[in-house]
Each structure stands twice: as C-alpha cells, then as structure tokens.
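Take a look at the sequence and the model, then read on.

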Amino acid sequence: MAISLRRGIISARNFLVLNSSFRCAEISYISSSNSNQSNVISETSLYGHLQPSNRLGIDFLKECRRGFAKGKKSKINSDSGSTAEGVDIGPSLKANTSALMEAAQVALSKELSQLRTNRASTGLVDHLLVETGSGKMFLNRVCAVSILDAQTISISPYDPKTLMKPVENALRECPLGINPKVDGDRLIVPIPPMTKETMQAMCKVVAKAGEDVKLSIRRARQKAIDTIKQASSSMPKDDLKRLEKEIDEMNKKYSKSAEDMCKAKEKEINTPS
C-alpha cells in the first residue's frame with residue numbers, strides 16, 4: 001500500500017510540474033502575440049472541460065486504484081504460491097509402502113517353497129549351493145530340475161562331466177535327508193515320506209516365517225503412519241485421515257495374504273503323499 005501511495009504522490013508532483021510548464025508557455029505566448037485571441041492556448045483546449053485541479057484529483061485516484069490492484073494481485077499470487085507448496089504425498093507414500101509389503105510377501109513365498117513336504121517340489125533343491133570352478137552357484141543355475149512324480153525329482157547338470165559329483169554332494173549335505181542316485185547324465189532324487197515329528201517341526205517353521213513377515217508388514221505400515229504425521233502441517237486433515245485409512249487397508253490385505261499362504265503350506269505338509 002505504501003508503494004502505491006508513493007506512486008500516486010509522484011504522479012501528482014509530475015502533474016503539477018507539467019501544469020506549471022503549460023501555464024508559463026501560455027503566458028509567454030499571450031505576451032509575445034497581440035494578435036487575435038484565437039491563437040491563445042487556453043487551459044480548456046489543453047485539458048478539455050476539466051480544470052487542472054479536478055484533473056489532478058482524478059489522476060491521483062487512478063494511480064491509487066492501480067496501486068491497490070497490483071498489491072491485491074501480488075497478495076493473491078503469494079497466497080496461491082504458498083498453497084502450491086503443499087505437496088500431495090499420498091501416491092508416492094502408498095507406492096513405497098506397497099512395495100515394502102510386497103517384498104515381504106515375496107520373501108515368505110520363497111521361504112515356504114524351500115520347506116519340505118510329503119510331495120516333490122523343485123523349490124526343495126533350487127536354492128542349494130553347488131561348488132563349481134567359478135565358485136558357488138545355485139543348483140537351478142547349473143542344472144535342469146523337473147518333477148518325475150509326486151515322490152521323485154530329476155536333476156540334470158548342464159555339464160555332467162564336471163558338475164555331477166558337486167551336485168550330488170550338495171544334495172547329500174542338505175538338511176532334507178535325501179539320498180540321490182546317479183542315472184546316466186542325471187540324478188534321481190526320491191523324497192522320503194515325512195514322519196509325524198517332522199511334520200510338526202515343519203509347521204512350526206511355517207508359523208514362525210508367517211509371524212516374521214507380518215511383523216515386516218506392520219513395520220512398513222508404521223513407517224507410513226510416521227510419514228503422514230510429519231506431513232500433518234501441510235495437508236488437510238481429511239486427506240490425512242483418508243491416506244491413513246488406505247494404509248491400514250493395505251496392512252490388512254497383505255497380512256491376510258501372508259496368513260493364507262502359511263495355512264496352505266501347513267495343509268500341504270500335513271497331507272499324505
């Protein structure tokens with residue numbers, strides 16, 4: 001406002017200087033010319049029907065109004081700029097939280113696939129480490145693994161001459177209690193039936209894995225809730241509540257999925273071959 005008033009005062013001063021110049025020019029012209037009055041430059045011809053005093057007031061008001069308008073516009077722009085600073089963290093937060101929960105679920109699926117059941121499964125041997133000339137590698141990287149029947153796994157090394165013995169050693173040393181047999185360029189791995197004690201032990205491992213994964217999912221949820229609380233000063237309360245509710249729904253969804261995976265694995269363990 002102070003800037004607009006200063007502009008108006010400067011305009012008024014400039015007008016007074018211009019008015020004085022016109023008056024001096026008029027007096028000089030009248031004094032030097034005694035001819036007819038049609039050559040006289042009057043204030044009416046210079047300014048129209050308005051007197052200089054009235055014109056000065058109108059110019060002053062125009063300048064003030066222009067200044068007020070500029071000030072109001074800049075204030076609106078500044079307000080809108082401050083509003084634009086509030087960033088919606090919802091999409092990125094949900095994506096990151098979902099990625100963490102999804103990673104926990106994938107880890108659970110991989111761990112469950114490695115547990116022994118009464119049925120043959122490639123997941124039982126895929127993760128075993130085989131000693132090769134280039135170092136230790138996963139068995140499924142150096143062998144073709146397939147299921148012959150519900151109780152038998154077939155393992156064919158890509159290079160039987162150099163890998164047959166290392167693969168056989170890896171199978172015998174694993175805690176699955178299996179005894180592979182060489183059949184030409186492949187290994188036949190029979191899966192022995194599980195005892196009742198072994199089934200109970202495997203179910204405990206499944207339950208422990210499920211609890212660990214659900215704990216990871218809850219940690220991802222808590223991390224998201226902490227982020228929402230930190231953004232409470234820059235987002236509307238309704239948006240914060242909606243975002244928190246969506247995070248809770250994600251937590252329930254992935255926790256329920258983990259429980260279902262564990263129940264299915266326990267059923268598979270307890271099912272006779």
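## Report on the predicted model

Thr 117 sits in the loop that links H4 to strand S1 (129-132). The model is predicted. Thr 117 counts as buried because its relative accessibility is 1%, and buried means under 20%. Its side chain reaches the backbone oxygen of Arg 119 at 3.1 Å. Leaving out residues up to four places away in sequence, Thr 117 touches Ile 191, Met 194, Lys 265, Glu 268 and Ile 269.

Met 199 is found in helix H7. Met 199 is buried too, with a relative accessible area of 17%. Not counting residues up to four places away in sequence, Met 199 touches Asn 118, Met 194, Ile 269 and Asn 270. Met 199 and Asn 270 are 71 residues apart in sequence, yet their C-alpha atoms are 6.3 Å apart in space.

Now to the helix packing. Two packed helices are described by the angle between their axes and the distance between those axes.

| Helix pair | Angle | Axis distance |
|---|---|---|
| H4 (residues 90-113) and H8 (residues 237-270) | roughly 10° | within 11 Å |
| H7 (residues 196-230) and H8 | about 170° | 10 Å |

How do the axes of H4 and H8 run, roughly parallel or roughly perpendicular? H4 and H8 cross at roughly 10°. Angles under 35 degrees count as roughly parallel, so H4 and H8 are roughly parallel to each other. From H4, the contact includes Gly 90, Leu 93, Lys 94, Thr 97 and Met 101. From H8, it includes Leu 243, Glu 246, Tyr 254, Cys 262 and Lys 265. By class, the contact of H4 with H8 has eleven nonpolar, eight polar and four charged residues.

H7 and H8 pack at about 170°. Angles over 145 degrees count as roughly antiparallel, so H7 and H8 are roughly antiparallel to each other. The contact of H7 with H8 divides into 17 nonpolar, four polar and eight charged residues.

How confident is the predictor? The protein chain averages a pLDDT of 76, and 68% of the residues score at least 70. Among the elements of the chain, strand S4 (residues 152-157) has the highest mean pLDDT, 95. Helix H2 (residues 43-47) has the lowest, 40. Over residues 1-5 the pLDDT stays under 50, and the model has five contacts beyond four places in sequence for them. Residues 15-54 also have a pLDDT below 50; this stretch has 25 contacts in the model beyond near neighbours in sequence.

Technical notes
Residues numbered from 1 in each chain as written. Predicted model: local features only at pLDDT ≥ 70, side-chain atom pairs only at ≥ 80, totals over all residues. Heavy atoms only, no water. Axes fitted to C-alpha atoms, helices over the stretch in contact; angles between N-to-C directions. Helix = DSSP H or I, 4+ residues; strand = E, 2+ residues; numbered from the N terminus. Parallel < 35°, antiparallel > 145°, perpendicular 65-115°, else oblique. Contact = heavy atoms within 4.5 Å. Nonpolar A, V, L, I, M, F, W, Y, C, P; charged D, E, K, R; others polar. Buried < 20%, exposed > 50% of the residue type's maximum accessible area, 1.4 Å probe, protein only. Polar contact = N/O pair within 3.5 Å; in protein donor to acceptor, adjacent residues only side chain to side chain. pLDDT = per-residue confidence, 0-100.
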